[in-house]
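Trainee: Before we look at anything, could you walk me through how such a model is read, feature by feature?

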Amino acid sequence: MTATLTPAARLYDPRLRAMTVGSVALVSLLAFEALAVGTAMPTVARALDGLGLYALAFGGSFAAGVLAMVLSGIWCDARGPRAPMWGGVGLFVVGLLVAGSADAMGTLVVGRAVQGFGSGLLSVALYAVVGQAYPEELRRRVFAAFAAAWVVPSLVGPAVAGLIVEHLGWRWVFLAVPVVALPAVLLVESGLRTLDRPKPAGPPAGAVARIGWAAGAGVSAALLHHGGQQRGALAVILVAASLAGLGVCAPRLLPAGFLRAARGLPTVVGLRGLAAAAFAGAEVVIPLMLSRQRGFSPTAAGLVLTVGALSWAMGSWTQGRLPAPRSSATLPRSGLACVAVGTATVALAVWPTVPVAVGVAGWAVAGLGMGLAYPSLSVLTLALSAPGEQGRNSSSLQLADSLFTATVLALTGAVLAAGTAPGPAGYAGTLAVAVACALLGALLAGRVVPTGGRPA
């Protein structure tokens, strides 16, 4: 499928404006719901007397999303992104309506799983839209806009969700979003009409097996999430079994050569997972460390995370307007190096003699690095993908993001829960893991350049 747009088109050119606005709006909705649900869930669990299913409300959604990403990649490559986009929005909305109207926790868990499945379909379809509708020179700016679409929800999502829960009721955290989703997808649809229609194709060889491996990876990741919240022997058993499941399933969902960091796409996908794991692993530790070690209020600790979100947006904006670097490894390497240096600087704040401002500055550097690395890795994935592989490779990119993050967060939770109360050694250890992930990514970044030079 080829776009009918000229290479000189601008991001908000009349031919692209509606599609760009709609795509960014859909990303914002996915971001808001991901952040808002975490704020509302304690109230939901109390209201529905469902504390026993609390973890499953998150793990089930995550597992469904992993399976949906693989399905969406296969679907996009066979039929184009239009059908999976509409299917994703439809299931996302249905899941929200089921969750918002639930009168039992079990029903809400089902709604969350349907919502997660829709999110997985939609997120991959939006990447395929970028690959097929936008000229290559605009893709860095599109992905910068996607990154910015996470910033406002990051800043105001939890607070808005809290106000909704307090004044309107928790159900409206789920029921309000569908009102905006339909107009947003209609804007994207208006742009998709300008594209050539792909010839219908059957699923590629191995699609059924790939779906089976995705189901296994999703269940393993959900079990890992649950195991990371347990204590004692049960936690060890669940985490070990989950890691074994991921070790078997995940490599079969990612590009061949992923485990040995083969040049080109395998390394690009691996770097995305390492970057996501590094940032998320540090992000969950920082508020806990600041509140317990430095006496910060929840609001003050949250403002430190806001610094990282804002600098991430600034890094995304910057990379979208820089001239194309001579080497496609430059932005990923620079970004991951910033994440490593910034997170290591945050770790210094474990010691009381180090001013907190040093840690805050470090987190700003880490956020800047994510802004440089994330969109550039998305652009490289599309550049290294043949037209019939953009869906599959986009799903691999997002799978690496999700599975690496789930693994590091579960292990972080297990480390922090190992003692009676987390201490400086625990915080430093978990932050060291995050630094190691980012540093490994920076060292491997040169391998994003495939054999024979930069991607076409």
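Mentor: Let us begin with pockets: on a 1 Å grid over the protein atoms alone, a pocket is an open set of points with protein on both sides within 12 Å along at least five of seven lines, a cavity is a set of points where a 1.4 Å probe fits but cannot get out, and lining residues have an atom within 4 Å of a point. Grid points are joined across faces, edges and corners, and a volume is the space filled by probe spheres set on the points. This is a predicted model, in which local features need pLDDT of at least 70 and side-chain atom pairs count only at pLDDT 80 or more, while totals for chains, interfaces and linings use all residues. Residues are numbered from 1 along each chain as its sequence is written, and side-chain values use heavy atoms, with hydrogens and water left out.

Trainee: How much space lies in the second largest pocket, and which residues lie nearest its centre?

Mentor: The second largest pocket holds about 470 Å³, and among its 23 lining residues Leu254, Phe258, Leu259, Leu274 and Phe404 lie nearest the centre. The elements giving two or more residues to this lining are H9, H10, H14 and helix H15 (424-444), with H10 giving the most, 6 residues. Helices here are DSSP runs of H or I with at least four residues, strands are runs of E with at least two, and both are numbered from the N terminus; the protein chain has 15 helices and 0 strands.

Trainee: What lines the largest cavity?

Mentor: The structure holds 1 cavity of 30 Å³ or more, and about 50 Å³ of space lies in the largest cavity. Its lining consists of Ile286, Met289, Leu290, Val304, Val346, Ala349, Val356, Gly359 and Val360, and the elements that supply two or more of these residues are H10 and helix H13 (356-383).

Trainee: Which residues touch the most other members of the largest nonpolar core?

Mentor: A nonpolar core is a set of buried Ala, Val, Leu, Ile, Met, Phe, Trp, Tyr and Cys residues joined through side-chain atoms within 4.5 Å, where buried means under 20% relative accessible area, exposed over 50% and partly exposed in between, with a 1.4 Å probe and protein chains only. In the largest core, of 122 residues, Leu26, Val44, Met105, Leu108, Phe174, Met289 and Trp363 touch the most other members. Helix H10 (residues 265-293) contributes the most to this core, with 15 residues. Taking contact as heavy atoms within 4.5 Å, and leaving aside residues up to four places away in sequence, Leu26 touches Val89, Leu122, Leu126, Ala181, Ala184, Val185 and Val188.

Trainee: Is Thr267 buried or exposed, and which residues does Thr267 touch?

Mentor: Thr267, found in helix H10, is buried, with a relative accessible area of 2%. Not counting residues up to four places away in sequence, Thr267 touches Ala261, Ala262, Leu444, Arg447 and Val448. A polar contact is a pair of N or O atoms within 3.5 Å, where within protein one must be able to donate a hydrogen and the other to accept it, and residues adjacent in sequence count only if both atoms are side-chain atoms; here a polar side-chain atom of Thr267 lies 3.1 Å from the backbone oxygen of Ala261.

Trainee: What is the phi of Ala261?

Mentor: Most residues other than glycine have a negative phi. Phi of Ala261 is near 55°, a positive value in a residue other than glycine; Ala261 is found in the loop between helix H9 (232-249) and H10, and counts as buried at 13% relative accessibility.
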